Amino acid sequence: MEQQQSRQTPPISQESYGKRFWELWGPILIKWAIGIGVGMAAMIALMMVYIGTHYTTTEALNSLMDNQDKMMELYEKIVVKYIDYSTLVEGMEALITIPVMAVMFHRDRVKEKMQGIIPNRKAPIWKYAAIVIMSLAMSLGLNNLIIIGNLSAVDETYMTTMNALYSAPLILQIICLAVLVPICEEYVFRGLFFQRMRARTSYRYAAIYSSLVFGMLHMNLIQMIYGFILGLMLTYVYEKYGSLKAPIIAHMSMNLLSVLATQFQMYDWLVKNPVRMGVLTVLCATVSATMYVWMQRIEEKPEIPNQKAGDENLAV
């Protein structure tokens, strides 16, 4: 008897390489293009404000334009200002990207329905507590390991990025980093990139590849490692819970913890007592493993019409 796949993946049609490339990488390229556009708009706006404030006369403006050294000095000042506003820029990029990705995500689900693809079963809401617990434990444990290993000392880019993001007002950090950015990234990397790979290949390959891309695009060593590990967790809860809400809630929980822990100097408090940090790290690993084992019991396979009882335990 043939094995029944959980998603009833249809055979791949003879598409052009370009079309298949765009289908997979399109969401990431669109997000990247929006990010460049928002970044350029922010730089231009900052430059106009600075020039309008410091060069109020035509003579002063002409002197600036004719002096290459002054132009370079102006550019450096604008870059410093841009870094100060990086949290707001990240939030604006996410805010613009989310509706675009939501439309693409909805179209994919409609297309799957028309093709007769049966999605994974959705887990009940009460089981989402396990997602929050596991994501918080994993995030805290991994951050502790980064501190214990002193990895930040070998990656100046990571420290520069973190200092810039976490220097904004707390409410802005929560809105941008703990709400908008997680929604945006989950639409792009799990809802579209992973899901489209999942339709063509095995869960394991799609999870590893999409998590690797997710990590690599963070552009510094520590966040690459951190993003890859947590990316695997996010694809797992998406697969198990059958809804994009699952990785969004997990991602929000992790980012909110990072924001609040940095704001209230929790990691500085932990560093003062290595034993305390070590015990907490072991506890985080234990909690994460327990939640993972518990999630294993969630039945994600779809209810396939007219499926015989004997087929229920076939391999996915």
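I start with R190, which is buried at a relative accessible area of 0%. This arginine sits in helix α7. F228 is 38 residues from R190 along the chain, and the two C-alpha atoms are 13 Å apart.

Before going further: this is a predicted model, so confidence comes next. The mean pLDDT of the protein chain is 88, and 91% of the residues reach at least 70. Helix α7, residues 170-198, has the highest confidence, at 97, while helix α2, residues 58-66, has the lowest, at a mean of 76. R190 belongs to helix α7.

The start of the chain is another matter. Residues 1-6 stay under 50 in pLDDT, and the model gives them 15 contacts beyond four places in sequence. Residues 8-14 are also below 50, with nine contacts beyond near neighbours in sequence. Where pLDDT is low, the predicted coordinates should not be read in detail.

Now the overall layout. What does the secondary structure of the protein chain come to? The count is twelve helices and zero strands. Along the principal axes, the C-alpha atoms fill a box of roughly 85 × 55 × 30 Å. Taking contacts between residues at least 6 apart in sequence, 81% link residues at least 24 apart.

On to burial and surface. The protein chain has 316 residues, and 42% of them are buried.

For charges, the protein chain carries 26 positive and 24 negative side chains. The centres of these two sets are 10 Å apart.

Last, the cysteines. How many disulfides does the count give? The count is zero. For C176, the nearest cysteine sulfur belongs to C184, at 12 Å, and C176 is in no disulfide. A pair would need its sulfur atoms within 2.5 Å. Is C176 buried or exposed? C176 is buried, because its relative accessible area is 4% and the cut-off for buried is under 20%. C284 also counts as buried, at 6% relative accessibility.

Key:
Residues are numbered from 1 along each chain as its sequence is written. This is a predicted model: local features need pLDDT of at least 70, side-chain atom pairs count only at pLDDT 80 or more; totals for chains, interfaces and linings use all residues. Side-chain values use heavy atoms; hydrogens and water are left out. pLDDT is the predictor's confidence in each residue, from 0 to 100. Helices (H or I, at least four residues) and strands (E, at least two) are DSSP runs, numbered from the N terminus. Contact means heavy atoms within 4.5 Å. Buried means under 20% relative accessible area, exposed over 50%, partly exposed in between (1.4 Å probe, protein chains only). Lys and Arg count as positive and Asp and Glu as negative; His and the chain ends are not counted. The place of a charge is taken as NZ of Lys, CZ of Arg, CG of Asp or CD of Glu.
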